[in-house]
Amino acid sequence: MIRTALLLTLFVGSCATPPPPADPAPQLGDIFKDPPGPGLPQGISFSSDGGRLAFRQRREGSKLNDLWSLDLATGRKKLLYRAEGEQALSAEEKSARERRRERGRGVGRFFWNPKAPHLLLPLSGDLFLLRDGELERVTETKAPELTPAWSPDGRAVAYVRQQNLYVRKIGADERKLTSAGKAKIRCGLAEFIAQEELGRHRGFWWSEDSQRLAYVHTDSTKVPEFFMHDFLHETGRTIPQEYPRAGDANATWKLGVVAAKGGNTVWMTVKGEYLARVAWFPDGALAVQTLDRAQKELTFHRCDPKTGESTVLFHERDPAWVQLHRDTRLLKDGRILWSSERSGRRHLYLFEKGEWKTLTSGDWDVRGGVSVDEDRGEVWFSAASKNARERHLQRVSLDGGAVTRVTKRPGWHATVVSPDHRYFVDAYSRAHIPPRVTLRRAAGDVVAELGAEPARDGVSAPRFLEIPGADGAPMHAMFMRTAVPGKRPVVMYVYGGPGSQSVADRWRGTRYLFHTRLVHAGFHVLVCDNRGCGGRGRDSTRSVARALCQLEVEDQAAGAAWLAERRDVDKSRIGIWGWSYGGTMALQCIVRKSETFAAAVAVAPVTDWRDYDTAYTERYMGTPKDNPDGYRDGSPISVADQLARPLLLVHGFKDDNVHFRGAAAFLHKAQQAGRALDVDFYPRGAHGIGGNTEKRLLFERMERFFAASLGR
């Protein structure tokens, strides 16, 4: 699933927060439409020679994304490809998650050639080469080419079509490398769980010398199917989905290596429930990470691609769960850069010949974005070293020592570093300041402006603070105070899932603007990061193990108790809302803490963890068989018959992440007990409900619901 730096003390009583500006509140019609001007740059990618970058950008006055490039030396922007229409959706064999990632208008994904300033573009199911301003067709087939990737020498492209792996040299015929793919057997494609919950979207990997490809062979024969329904279809079309629920069988897999020119596959001897990560060592061996079913042990293997023999280099273990990351880098001298929470915080380490060397330490976390400059002996990374609310680009020597912060301004810096580490793109924002994207030199000076979202009327900075959780430990919180006098109602917003962070000094777009509207309408707004959330260290995150949506609910109730002590809060009018995991939290709060919460909105909630997928649910909960109490107590459906407060339940019929069945089951249980609730269902709605029109309708409904249930 899925701001101004202010006082960080415990607040009790009336905080003298400055009132919001007198500007009118943001209008929902303006919130849910594209802002004027071209959109922000998306998919930013540097060329391998470090001379330019490419990005897609929404055309002004259009829904189409065009492809642009920028010369790094001059800062000049150039249109590379003007989109002509909407991309076709992928074929039925493609997973739902991958369809969501690639759905779009105009240019979607694109790939720089590693050795030349050319780009590979997937357009309407086929592949094209964009070279010197001209579009050249690479493939022309009825079935689409999926997950294309250049060979490291830039001479060939590999891709999957109809569940088998192919290679085509540019200007030559293609070569089919596998033939086993059919029905529920796939060669070179990541299975649903790998994409949805492991962050692995690729199923094949080129060797550094461009002579071999490693690929995963998956068999989903034993994975149960879940059936969604298209109720707008004239015959009520059924939509099957391979979806292993907690306790079900996963897809089985094996990892093989095949020559790029074709031939027999050599199968690696590695085993595990989940294939987590695959990469090639510079010396030609394979680096493979696997997880056991409980995800308490990650094993790092070194495999010989010629024989298939494997050696275990090290294990990463955690009594609760091992959290996967993308921070691994395989250095030319054989060392492995790795990140781990073994110290209680996520930090960087070097592994060499069985020994570990610590590169970073302290009461803060490395938060990804790792890039290694081996020539200068430096690691660049994103971290929350100043405070948990912010993100900054930082660097440290491979020899260890002091950490240098590259970005200086308080707030949130989402960065992409060039391969030669001479430049970086900085997408900067704060809670009340929309993003501004710039190209900068390594020293931080601006080379070019790439785009900025215009400021919004009526938006002010929130107050960041810490308030006591249910266990007495401080929770990170964010408070938006209305200027309307008297004892006011409050709307709390929650996500709360493991490792997540809602209290952050970054632009949150439509949800922050919606909360601003509530403030103008006379509501206070409070956001709390309960136990389990990120930013407070491993022990806080792992405290929710085997008990999702339990301690977190106690912490949200503690946040409401803090509100109740304020002289400007009506403690009888505290509502809460959330989406996805936050929807589950809102449901739990309204049925289990009805003495605290007066109303709730739950969008796309999981109502029974037995119905959610294997990897996510079992990571945190174990299986239903070995943890029945945890599943029962973490399920709002188990106490749906106790609903006693106003509730708005929202879901999409075509949600392939959190299925509509859960909302229907909760509704049925409540109705059987004679409990009434409001519902808002979307026939074409997926997990995100829909586009701007549907979202505007949803947030209008939420406004009316809170006004009616909490008053103004």
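Glu552, Val553 and Gln556 in α6 meet Tyr581, Met585, Gln588 and Cys589 in α7, where contact means heavy atoms within 4.5 Å. By class, this contact of α6 with α7 has four nonpolar, two polar and one charged residues (Ala, Val, Leu, Ile, Met, Phe, Trp, Tyr, Cys and Pro count as nonpolar, Asp, Glu, Lys and Arg as charged, and the others, Gly among them, as polar).

The model is predicted: local features need pLDDT of at least 70, side-chain atom pairs count only at pLDDT 80 or more, and totals for chains, interfaces and linings use all residues. Residues are numbered from 1 along each chain as its sequence is written, and side-chain values use heavy atoms, with hydrogens and water left out.

Helix α6 spans residues 551–564 and helix α7 residues 581–592; they pack at an angle of about 70°, with their axes 10 Å apart. α6 is therefore roughly perpendicular to α7, a term for angles of 65 to 115 degrees. The crossing of α6 past α7 is right-handed.

Most residues other than glycine have a negative phi.

Serine 580 is buried, with a relative accessible area of 0%; buried means under 20% relative accessible area, with a 1.4 Å probe and protein chains only. Isoleucine 689 also counts as buried, at 2% relative accessibility.

Definitions and conventions:
Axes fitted to C-alpha atoms, helices over the stretch in contact; angles between N-to-C directions. Helix = DSSP H or I, 4+ residues; strand = E, 2+ residues; numbered from the N terminus. Parallel < 35°, antiparallel > 145°, perpendicular 65-115°, else oblique. Left-handed = near helix turned anticlockwise from the far one by under 90°. Buried < 20%, exposed > 50% of the residue type's maximum accessible area, 1.4 Å probe, protein only.
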